[in-house]
Amino acid sequence: MRYVALDVGSTRIKCAALDTRALAWTELAGAAFPAPLSGPATRFEVDAEALLRLCAGLLDAALDACPDSGGVLFSVQMHGFVITDGRDRPLTGYVSWRDAACRETGPDGLAHLERMRGQLPQDALAATGMPLREKLGLSNLYARLQGGLVLPEGAVFHTLGGFLIRRLGGERCCHQSSAAATGLYDACAGQWSQTLIHACGAQRLRFPRVEAGFACAGEYARGGRAYALYPDVGDQQVCVMGSLARPLQDVNVNVGTGGMVGRIVDGFQRCGECRPLLFGRYVRTQTGLPAGRHAQALVDAIVGGARLCGGAADESAVWARIAGLAPTSSPLCAAFGPGDALMLQGAFHPGLSVQDVVNAFYQGMAERYAQAVTGMHPGARRLAFSGGAVERNPALRGHIERACGLPQARCGRSAAMAGLLQLALIAQGACAGPDEARAALEAAGY
């Protein structure tokens, strides 16, 4: 059987056909994720209707190419939200995880995030598994309410995937992995946190049903056929599955637009960040690590330097070249500042090369990931990589592997698609859960 997958990433949106018999996939359509609306530098809000039209157009093209699809699966960026009226019409744009409205100050001169730290109950925050920080839906919803956002009677809170599913014809529903990432979901109790919802002033909002398993969430009508819509599993969780990381043994190193490490554990743990996966499994996670956006800053500098000297520099060629560099030591040190800031430190001497600069960048990234892996996950046996910025970069993988002192388990074409293929096996009923789905891909040589 075949399924269609919609992968809504932070850089690109992709559709693919997943073949559960051949255990393979074919990418069918794709587009860049839309730019944010104009506004303050702290805001990253995307036109929700335009985003819906883009995703629906890609989905329609994919279903036309795969009309026998058994349904539609979603892997969606997390932490953000859309507020709609009672008829599911947007009252806000899609407020992304890259939004930082909570850094804005109120009349008391305090940043909204700092005020929240003093007001929100710590036990309720701990039960979410999501430390309070600027990228959470909780933080940026609070900031908008403090800034004057008025919630009419019947207004609805949606995760991004939940909004897409609802407007495509499905239920008001979201997956537990996406609900928890907003910071408004009690992962211990398995329900929306009424304590935090009231504490941030959002008690007028209605919230969607949360799916902890993988049951169908409605249907999408296209060309006289009805296609099952499955819940919006968070993109990190999909990548963890697709990396083939084994529970309690392997550490997933995910380097995409953002950077994080995670390890699959049994049951919720009240220690730092712990995100729901599927069927009672969770991912202990550390985020905020250097990632693809920092690598983009490096590539931009290399391309800009070449053009300044009158040379022609192709960005894709630069990416390919630096991805193939042999891992060597560098006399420079890289440091990563707030946002996308990249800083190089050390003595610049006449023999210094661009390769030294790139390897310093890789070394700096690798050291940060090694600290996260050894600090959070002692006893790990292997590294399981995922995310476009590392999957296509053997040089970076080599540096991280060497810094951690651990071998890599795998690095295939796309952990996101491999994870979605596992979800397709679960949706079809061919596998009872993630362990069986992972074993099926391992047996096929992934």
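**Salt bridges and a helix crossing**

Modeller: A network of salt bridges links Arg246, Asp266, Arg281, Asp435, Arg438 and Glu442. This is a predicted model, in which local features need pLDDT of at least 70 and side-chain atom pairs count only at pLDDT 80 or more, whereas totals for chains, interfaces and linings use all residues. Residues are numbered from 1 along each chain as its sequence is written, and side-chain values use heavy atoms, with hydrogens and water left out.

Biologist: What makes the contact of arginine 281 with aspartate 435 a salt bridge?

Modeller: A salt bridge requires a side-chain nitrogen of Lys or Arg within 4 Å of a carboxyl oxygen of Asp or Glu, and for arginine 281 and aspartate 435 the N to O value is 2.9 Å, so the pair meets the rule. Because arginine 281 lies in strand E18 (residues 281-289) and aspartate 435 in helix H15 (residues 434-443), the bridge ties together parts that are 154 residues apart in sequence; helices (H or I, at least four residues) and strands (E, at least two) are DSSP runs, numbered from the N terminus.

Biologist: Why is arginine 281 called buried, and why is aspartate 435 called partly exposed?

Modeller: Buried means under 20% relative accessible area, exposed over 50%, and partly exposed in between, with a 1.4 Å probe and protein chains only. Arginine 281 has 18% and is therefore buried, while aspartate 435, at 32%, is therefore partly exposed.

Biologist: How do you know that aspartate 99 and arginine 144 meet in a salt bridge, and what makes each of them buried?

Modeller: Their side chains meet at 2.9 Å, N to O, and the pair links distant parts of the chain, with aspartate 99 in the loop between strand E7 (94-95) and helix H2 (112-119) and arginine 144 in helix H4 (residues 137-146), 45 residues apart. Aspartate 99 has 0% relative accessibility and so counts as buried, and arginine 144, with a relative accessible area of 6%, is therefore buried too.

Biologist: Why are helices H1 and H5 called roughly perpendicular?

Modeller: The axes of H1 (residues 48-65) and H5 (residues 160-167) come within 11 Å and cross at roughly 65 degrees, the axes being lines fitted to C-alpha atoms, for helices over the stretch in contact, with angles from 0 to 180 degrees between N-to-C directions. Angles under 35 degrees count as roughly parallel, over 145 as roughly antiparallel, 65 to 115 as roughly perpendicular and the rest as oblique, and H1 and H5 are therefore roughly perpendicular to each other.
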